[in-house]
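Please read it alongside the sequence and the coordinates.

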Amino acid sequence: MGEVRVEHLVKTYGPARALDDVSLTFPDGGFFGLLGPSGSGKTTLLRAIAGFVAPDTGRVIIGGDPVENVPVEKREIGMVFQNYALFPNMTVAENVGFGLEVRKVSGADRARRVAEALELVQLGHLGERKPHQLSGGQRQRVAMARAIVTQPRVLLLDEPLSALDKALRVDMQIELKRIQREIGITTIFVTHDQEEALTLSDQIGILKDGRLVRHGPPRAVYDDPQDAFTARFLGEANLFNGTPEAGGLRLADGALIAGCTGSTAAVRPENIEVSLQEPDRPNKLQAHLVQQVFGGAMGTCILDWQGESLKVIGRDQDLQGLPEQGPVWLSWDSSKTIALNG
Amino acid sequence: MSSLSARQDRIRAFTLLSPAYLWLTVAVFLPLSAMVFFSFLSDVPFGDREWHGTLENYQEFFQTSTYATLLWKSLKLGLMVTGISVLIGFPCAYVLAKVIKGRSREALFLLVILPFWSNSLVRIFSWAIVLRGNGVLDFAANAVLPWDVRINLMFSPTAIVIGLVHSYLPYVILTSYLALQAIDDSLIEAARSLGAKRRTILTRLILPLAAPGILAGAVLIFVPVVGSFMEPRLLGGRRGTYYGTVIEDQFVAVFNWPLGAALSFILLAVVLVILGAFSPVLRRART
């Protein structure tokens with residue numbers, strides 16, 4: 001167990017900077033989600049911690065020990081791969097026991113620990129199966145059991161749920177969280193699915209073009225994204241550009257977003273109200289309703305404001321009074337305005 | 001409707017398969033049947049020669065120990081050439097499949113395939129030039145080494161093995177390469193993350209997973225080498241008498257086709273028995 005720290009990591013592939021001076025601490029026992037679009041460097045960062053990628057400069061510290069010069073097989077890590085990478089020539093029990101086998105753990109002890117690990121992932125009865133006889137979710141569990149049975153100092157997950165279908169993925173998210181809590185292992189996982197990151201992590205880090213743009217607890221980052229990229233990448237956001245004034249942000253159509261200090265304001269789609277009459281609130285503007293999308297309990301409105309597309313999500317019963325198309329008022333509570341820099 | 005489309009499928013399959021099977025019938029089955037027929041005759045049924053049905057040709061194999069000794073010698077040669085080819089070919093395939101990336105892989109692959117593109121006689125005679133006394137190898141060794149060396153490998157079993165390995169090495173490289181290519185790199189990474197060293201990864205993961213490919217290559221080499229006659233004759237000289245050369249003699253020199261045919265079918269039977277004995281291993285390796 002232990003804290004994992006990276007300091008000033010740089011990795012270049014030719015002219016491309018996969019990691020550009022990344023420093024980050026992954027707290028002991030925490031569940032840390034690395035998030036970013038493809039090519040943002042999140043997988044490179046994970047592989048640098050694992051040891052598959054040698055950084056050009058910078059340090060990787062696992063449990064207090066610098067490991068830049070330690071090969072993968074001696075780093076005491078557990079890793080779950082995107083395709084699970086189960087050994088097809090071995091049974092489930094042999095797969096899980098492989099890490100113990102190479103550590104020369106004796107037969108009886110090994111069998112007991114394999115059984116415990118399989119029990120933890122609720123696959124105690126499938127030890128004699130071969131990987132190709134398992135379903136996707138079961139393979140995922142075997143990969144988990146195999147990664148944790150050696151009691152590694154850190155668990156690394158590379159898009160562990162991306163190969164599963166939606167319903168199974170939600171089940172496995174809960175399962176993953178339960179297992180991680182039960183053994184209390186420092187866990188770092190990479191995903192491009194922001195919802196998954198928000199659900200699972202105690203802390204998230206957002207990468208873009210090899211740089212860490214933002215990190216912190218999911219709610220804090222969601223509520224205060226600080227820049228347009230994070231606001232748009234984590235959840236959805238309507239962005240308003242304008243000129244800052246003493247009282248707030250003046251928009252192109254003359255409307256004023258009160259109290260906004262930045263040059264851009266972001267408002268989450270779920271925080272905007274749509275009405276036909278002009279509301280009695282400070283933050284309001286006129287837009288044109290283009291389309292309503294029915295989505296069961298929640299509905300989505302697509303609107304046009306000054307040539308830009310806006311999105312509002314609301315309860316279906318609140319949206320029923322609105323016409324299919326036409327001019328409407330948008331308004332929101334001042335506390336829901338997110339000021340962004342740049 | 002469905003029975004109609006099923007019938008159409010059958011017709012389509014038959015149309016696609018028939019050229020290949022027609023060819024196999026004409027080119028393999030008919031000549032082979034003729035040879036089976038010949039092997040039970042007392043003499044070739046050409047011209048006005050006298051002939052009658054007999055088992056003598058098969059009996060001859062068992063009456064003198066010469067044939068059995070030569071067959072054993074050929075089987076040993078087959079094992080040796082196969083073994084050496086696997087030992088050289090597998091590491092080569094591993095490097096091609098797992099170490100080298102990009103365009104240099106294509107170039108190196110071309111070098112592997114090259115023996116296939118050259119005429120086998122040319123290949124053998126060029127080895128003769130290299131291996132004989134005062135040959136290229138002798139000359140090169142003397143140019144490099146300060147003391148006087150005499151290398152004359154020509155007309156020795158070593159020369160035969162060198163020539164055969166050179167001819168058949170590409171088979172095991174190609175089949176191993178394909179098997180190794182199919183092994184996902186993430187499996188190797190997973191094993192490393194679990195603490196496995198290179199040696200363990202090789203013995204527990206790569207060799208078991210590549211076994212079907214290695215075995216397929218071994219079979220492709222073993223079978224023709226046991227029956228080979230050109231390399232033993234040209235590179236082995238007087239000592240190059242093997243089972244294959246004896247069969248060739250029956251057809252070309254002695255003109256005793258029935259005996260040659262009988263010896264061929266005994267070889268075929270022995271090879272099939274050996275492959276049959278190995279088939280459980282082959283089947284296990286596949287799953």
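## Helix 11 of chain B

Helix 11 (residues 243-252) of chain B is mostly covered, with seven of its ten residues buried. Buried means under 20% relative accessible area, exposed over 50%, and partly exposed in between, with a 1.4 Å probe and protein chains only. Helices (H or I, at least four residues) and strands (E, at least two) are DSSP runs, numbered from the N terminus. The buried residues of helix 11 of chain B are B:Tyr243, B:Gly244, B:Thr245, B:Val246, B:Ile247, B:Glu248 and B:Gln250.

## Basis of the values

The model is predicted: local features need pLDDT of at least 70, side-chain atom pairs count only at pLDDT 80 or more, and totals for chains, interfaces and linings use all residues. Residues are numbered from 1 along each chain as its sequence is written, chains are lettered from A and ligands numbered from 1 in the order in which they are written, and side-chain values use heavy atoms, leaving out hydrogens and water.

## Helix 4 of chain A

Helix 4 of chain A covers residues 136-148, and its end C-alpha atoms are 19 Å apart. This agrees with the 18 Å that its 13 residues should span at 1.5 Å a residue, where the expected span is 1.5 Å times one less than the number of residues.

Ten of the 13 residues are buried, so helix 4 of chain A is largely enclosed by the rest of the structure. Among the buried residues are A:Gly137, A:Gln140, A:Val142, A:Met144 and A:Ile148. Their cover includes strand 6 (77-80), helix 2 (92-102) and helix 5 (166-183) of chain A, together with helix 8 (185-193) of chain B; contact means heavy atoms within 4.5 Å.

## Aromatic pairs

Over all chains, 18 aromatic pairs are found. Rings of Phe, Tyr and Trp (its six-membered ring) pair if their centres lie within 6.5 Å; planes under 30 degrees apart count as stacked, over 60 as edge-to-face and the rest as tilted. A:Phe26 and A:Phe32 are edge-to-face, because their ring centres are 4.7 Å apart and their planes are at 75 degrees. Both A:Phe26 and A:Phe32 are buried.

B:Phe109 and B:Tyr177 have centres 4.6 Å apart and planes at 80 degrees, so this pair is also edge-to-face. B:Phe109 lies in helix 4 (residues 103-117) and B:Tyr177 in helix 7 (residues 157-181) of chain B, so the pair ties together parts that are 68 residues apart in sequence. B:Phe109 is buried at a relative accessible area of 16%, and B:Tyr177 is buried at 10%.

## Charges over rings

A:Arg146 lies over the face of A:Phe87, 4.5 Å from the ring centre. B:Lys73 lies over the face of B:Tyr242, at 4.2 Å. The criterion is NZ of Lys or CZ of Arg within 6 Å of the ring centre and within 35 degrees of the ring normal.
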